[in-house]
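Please examine the structure shown below together with its sequence.

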Amino acid sequence: MNIIFKEILMKFFYLLILILGCNSLGFAQGSDECSFQNKQISQIPGKNSITKLPQNLADFEPVTFNIYFWGFRLEDNTGNVAFTQENIEAAVERLNTLYNQCNISFNLIGHNVILSNEFYHLEGRHRFREMVAAMRAEGNLRTDAFNVYVSNEYSGFAGIALDYYGTILGISSINLISSGTLEHEVGHCFNLLHTNETNNTLNCESVVRDPNSQYYNADISGDFVADTAAGYAFEPEEVDATTCTLNSSKKDCYGFTYKIPSSLLRNYMTIKVSECTKDQLTNGQFIRIRNAIELDPFDHFQNARID
């Protein structure tokens with residue numbers, strides 16, 4: 001497909017989303033998955049022009065972000081026992097292990113306990129939005145850091161990011177000590193999409209990975225990352241939990257059979273496969289992250305950076 005035609009098609013797609021008013025649609029998955037509060041357009045045609053980014057991860061300039069944790073306990077100061085300095089430090093270490101691969105680091109600048117029966121347990125993603133509004137009004141939100149809110153329990157989801165290109169996210173208490181969810185939600189903040197969710201006819205990602213094929217659209221469809229395989233909303237019975245493999249005869253909307261490698265199932269941004277331990281992002285995803293930091297349309301990343 002001609003590259004100019006691709007750009008025209010992509011911009012038309014974004015315009016269509018704006019017209020339909022889809023810049024604030026939330027979505028949620030099962031209790032072991034994430035919820036995304038504001039499903040904003042994940043590609044924002046520049047606030048300003050961005051520089052040409054390196055393709056080698058080691059060539060990116062190091063960047064460090066402050067990060068701050070807020071934990072909710074009951075008003076009698078009980079509950080949420082996992083919200084401790086030790087567990088918070090371990091969570092930040094997990095983030096750094098992953099994101100150091102593209103020269104991103106997180107600097108823990110503190111944590112605070114908030115006594116609140118109201119936000120100790122959140123039922124539904126709308127409650128997260130209400131909580132953030134309350135925390136902002138009460139001064140319990142830092143503009144100079146990523147803000148991680150840790151409630152004891154979420155109903156219907158395990159973690160949530162408020163916005164793409166944002167610095168506000170939440171996880172349940174158990175996911176402070178379990179790997180995967182925090183890394184996933186930070187990925188959303190950095191403009192990463194789920195690898196296996198957008199397979200509808202409007203944004204159908206082809207299995208084809210040959211850039212010269214007329215069916216190639218991996219850079220403008222799906223998760224907009226060419227080195228993650230095309231996927232779909234997997235069913236639990238399709239996954240072999242012992243080997244983290246999936247055998248499927250399903251086809252994409254162009255008639256090609258899906259080819260699902262184990263690496264896709266282990267990707268931090270793949271959902272519906274909690275049986276598989278998440279342990280990776282691709283080079284393309286890391287480059288997309290650095291692109292998001294460079295673009296930074298709302299200046300949230302700039303405000304959270306350590307100069």
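The points below are grouped by topic.

This is a predicted model, in which local features need pLDDT of at least 70 and side-chain atom pairs count only at pLDDT 80 or more, while totals for chains, interfaces and linings use all residues. Residues are numbered from 1 along each chain as its sequence is written, and side-chain values use heavy atoms, with hydrogens and water left out.

**Aromatic pairs**

- Rings of Phe, Tyr and Trp (for Trp, the six-membered ring) pair if their centres lie within 6.5 Å; planes under 30 degrees apart count as stacked, over 60 as edge-to-face and the rest as tilted.
- By this rule, the count is 20 aromatic pairs.
- The pair of Trp 70 and Tyr 149 is stacked, because the ring centres are 6.1 Å apart and the planes stand at 15°.
- Trp 70 belongs to strand E3 (residues 63-73) and Tyr 149 to strand E6 (residues 146-151), so this pair ties together parts that are 79 residues apart in sequence. Helices (H or I, at least four residues) and strands (E, at least two) are DSSP runs, numbered from the N terminus.
- Both Trp 70 and Tyr 149 are buried, where buried means under 20% relative accessible area, exposed over 50% and partly exposed in between (1.4 Å probe, protein chains only).
- Tyr 149 also forms a stacked aromatic pair with Phe 72, at 6.4 Å centre to centre and 20° between the planes.
- Since Phe 72 lies in strand E3 and Tyr 149 in strand E6, their pair ties together parts that are 77 residues apart in sequence.
- Phe 72 counts as buried at 0% relative accessibility, and Tyr 149 likewise has 0% relative accessibility.
- A cluster linked by ring pairs contains Phe 65, Tyr 99, Phe 106, Phe 146, Phe 190 and Phe 301.

**Helix H2**

- Helix H2 (residues 85-99) has 15 residues and spans 21 Å from its first C-alpha to its last, close to the 21 Å expected at 1.5 Å a residue; the expected span is 1.5 Å times one less than the number of residues.
- Its buried residues are Ile 88, Ala 91, Val 92, Arg 94, Leu 95, Asn 96, Leu 98 and Tyr 99.
- These buried residues of H2 pack against E3, strand E4 (104-115), helix H4 (174-177), helix H5 (181-189) and helix H7 (283-295), contact meaning heavy atoms within 4.5 Å.

**Disulfides and other cysteines**

- Two disulfides are found in a search of the whole structure, a disulfide being a pair of cysteine sulfur atoms within 2.5 Å.
- Cys 204 is joined to Cys 253 with an S to S distance of 1.8 Å, and this link is left-handed, with -135° about the S-S bond.
- Cys 204 lies in the loop between H5 and strand E10 (239-240) and Cys 253 in the loop between strand E11 (245-246) and helix H6 (262-265), so the pair ties together parts that are 49 residues apart in sequence.
- Cys 204 is buried at a relative accessible area of 2%, whereas Cys 253 is partly exposed at 41%.
- The sulfur atoms of Cys 244 and Cys 276 are 2.2 Å apart and form a disulfide; this link is right-handed, with 125° about the S-S bond.
- Cys 244, in the loop between E10 and E11, and Cys 276, in the loop between H6 and H7, are 32 residues apart, and their pair links distant parts of the chain.
- Cys 244 is buried at a relative accessible area of 8%, and Cys 276 is buried at 4% relative accessibility.
- With bonded cysteines counted along the chain, the disulfides follow the pattern 1-3, 2-4.
- Cys 102 is buried, with a relative accessible area of 0%, and Cys 189 counts as buried at 0% relative accessibility.
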